[in-house]
Amino acid sequence: MSRIKHAFDHGKAFIAFLTGGDPTIEKSEEYILKMIDAGADLIEIGVPFSDPIAEGEVIQNANIRALSNGVTTDELFDMVVRLRKKTEVPIVFLLYANSVYKYGYERFCKKCQESGLDGLIIPDLPFEEKGELAPIAAAHGVDIISLIAPTSEDRIKKIAADAAGFIYVVSSMGVTGVRQNITTDLDSMLKAIREASEKPAAIGFGISTPEQAKKMAGIADGAIVGSAIVKIIEKYGENAGDAVYDYVKSMKEAVIEAE
């Protein structure tokens, strides 16, 4: 069993994302440890990809920067190995189906297990098509995290019932990025999810302020933030450590207030 359940076993969770290798592998490792020190309960590492279709401009640009630096998936696995010597906080990769397929399902999942990676979030892998990968991942103790979007509608309960790790609730239509307002009927989505599954559900896409984080954690089991953190890294580059720490600390505190 993966460590993911531990992210939610002491209250509302704050889940923090960055793009691996932006600005460098070494700095990504430093910033991840800063986020954990600031209270992050689970870390998502984006694996750079040339066509990240779920991502907005901020994370797209981070992907470009990382790929321009020659970052590879194996280097990110090596980073997870180093992180595992320092922390037991759950770590997942966010990546695209082609990256796993090209690497080889068995080889990739074995590498996840060996490095200490707990799960995979694959935005372009439909629920109906995860059948090939899911059993291999499960055999290696790796959770394939299900995403439930506003368009899931009558499929919500079906997806939730089969979920592993936690359920990633997509707050809004469109790609990742900061939003001023989140208008989706999330209460109805969460109600349907909870009728079908006991797995924790965290809301992501568009959350950037402590007020938003508190509100989302108030109706779900946690909040997920990516673009706002990546923007800080974009702004400060190799000197982003303190700013990342301060931001994540403020967001974690807001999530705690929702309990």
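Which residues gather in a patch of negative charge on the surface? The patch consists of Glu-26, Asp-74, Glu-75, Asp-78 and Glu-238; a patch is made of residues with over 30% relative accessible area and no salt bridge, like charges being joined within 9 Å. The model is predicted, so that local features need pLDDT of at least 70 and side-chain atom pairs count only at pLDDT 80 or more, whereas totals for chains, interfaces and linings use all residues. Residues are numbered from 1 along each chain as its sequence is written, and side-chain values use heavy atoms, with hydrogens and water left out.

Helix α3 (residues 73–84) supplies the largest share of the negative patch, three residues; helices are DSSP runs of H or I with at least four residues, and strands are runs of E with at least two. Glu-238 is located in the loop between α10 (227–236) and α11 (241–257). Its relative accessible area of 45% makes Glu-238 partly exposed (buried, under 20%; exposed, over 50%; partly exposed, in between; 1.4 Å probe, protein chains only).

The whole structure contains 18 salt bridges, each defined as a side-chain nitrogen of Lys or Arg within 4 Å of a carboxyl oxygen of Asp or Glu. In one of them, Glu-29 pairs with Arg-82, with the closest N and O atoms 2.8 Å apart. This pair links helix α1 (residues 25–37) to helix α3 across 53 residues. Glu-29 is buried at 10% relative accessibility, while Arg-82 is partly exposed at 31%. Glu-29 also forms a salt bridge with Lys-86 (3.5 Å, N to O). Lys-86 lies in the loop between α3 and β3, so this pair ties together parts 57 residues apart in sequence.

Definitions and conventions
Patch = residues over 30% accessible without salt bridge, like charges linked within 9 Å, V, L, I, M, F, W, Y side chains within 5 Å. Areas by Shrake-Rupley, 256 points an atom, 1.4 Å probe, with all protein chains shown as cover. Lys, Arg positive; Asp, Glu negative; His and termini not counted. Charge placed at Lys NZ, Arg CZ, Asp CG, Glu CD.
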